[in-house]
Amino acid sequence: MKKALAAFLTAAMTVTTLTGCLGSSVSAPTTAAPAESTAAETSAAAEGAATEAASSVNLDNIGEHTFSLSTTATAGSALADVAHHFADKVSELSGGKMTVDVFEGSSLGSEAQNLEALTAGTLDMAIIAVEFYTNSIPQLGALILPYVYEDYDQVEKVLESEAGQYANQQLLDVAKVKNLGYYVMAFRNMYMTKPIETADDLAGLKIRVPESTLYVNTFKMLGAAPTPLAMGEVYTAIDTGVVDGMENTPDTCLHNSFFEVAPYFNMTNHLNAPTTISMSDKVFSALNEDEQQILIEAGLDTSHFGLESTKASDEANRETLKEKGMTFVETDIESMRAKIDYTNYDFMQSEEAKKLFELVQANK
């Protein structure tokens, strides 16, 4: 139900502290040992908090609810697995009274369409990448600027800090969306019909980017010709030459078979933007406190599950893409970084963006 779905998003916002309408957060690769240790400690703390919270929920106060959760992810992808993990956790914590039906493969629309529906209250929940929120809440772009993060642990730390809290409130105030949790995805790279050895090789190339002003501006700085397209249109666009390639995570490249039409995996690691478990505030607010608590707990659990999944699967996905025949190119990252000027983003002129950027830098 829409109301149930909204409840879910609101919980996420409260729990994860860094979700929000604009959802702009960034993640990066992490060093093995420290990440492993931190992840173990974080998971243990999260499990303890979840257990304590679960014991405080009165199941007699939980009503029968069925929520619809939309995602553009294809079946079997890491993002789809995260969506299903959330659904399973909600069912577990509610004793089966609260159900989340996951609709994959853009069957309920694109992320941009889903965001509009969440704000209007006509959709319960959706997996919305933070970059889509920047169209309506530009200042949140300060959370996902290219080359801001060094590793995954930095991203998680920022999302759970004052920076995350600030972003969550922006989401609620402007988009009327509650973020139940962040999924820190892998670093984004470029999958092209041509090798990209330095930033100069991008000059004039048509590259598919998400329907986000932040991505459009970023690739203009890099000298490319950014072309916003819905995910469902990308394969054919590359195959027919409408675009020369696209950028995204290795998981997305693999599970959408982009390696069949874009044979060059250019290792740019240019940006890491988490996605969110977003819920319509209208739906969330209609739930009672125990029902909201269950959604919040499920969102927090899913955030940590997703982070560990990303760490474990990133290298495996790259190896599989090599087996599929992709040519890996060691792109000169410093030549890419040199073309990015944070002050050239229009949103960075606002006081809100400057504040968020300072919070990000202070909490890395």
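Helices (H or I, at least four residues) and strands (E, at least two) are DSSP runs, numbered from the N terminus. The model shown is predicted, so local features need pLDDT of at least 70, side-chain atom pairs count only at pLDDT 80 or more, and totals for chains, interfaces and linings use all residues. Residues are numbered from 1 along each chain as its sequence is written, and side-chain values use heavy atoms, with hydrogens and water left out.

**View 1. Two pairs along helix α11.** Glu308 and Lys311 both sit in helix α11 (residues 289-323), three residues apart, or about one turn of the helix. They form a salt bridge (a side-chain nitrogen of Lys or Arg within 4 Å of a carboxyl oxygen of Asp or Glu), with the closest N and O atoms 3.9 Å apart. Asp314 pairs with Arg318 in the same way, at 3.4 Å. Here Asp314 is buried (under 20% relative accessible area; exposed is over 50%, partly exposed in between; 1.4 Å probe, protein chains only), at 7% relative accessibility. Arg318 is buried too, at 9%.

View 2. Glu131 and Arg188 meet at 3.6 Å, N to O. Glu131 lies in the loop between β3 (125-129) and α5, and Arg188 in strand β5 (residues 188-192), so the pair ties together parts that are 57 residues apart in sequence. Glu131 counts as buried at 3% relative accessibility, and so does Arg188 at 4%.

**View 3. Helix α5, mostly covered.** Seven of the eight residues in α5 (residues 152-159) are buried, among them Tyr152, Val155 and Leu159. At the helix start, a side-chain oxygen of Asp151 comes to within 3.1 Å of the backbone nitrogen of Asp153.

Methods. Polar contact = N/O pair within 3.5 Å; in protein donor to acceptor, adjacent residues only side chain to side chain.
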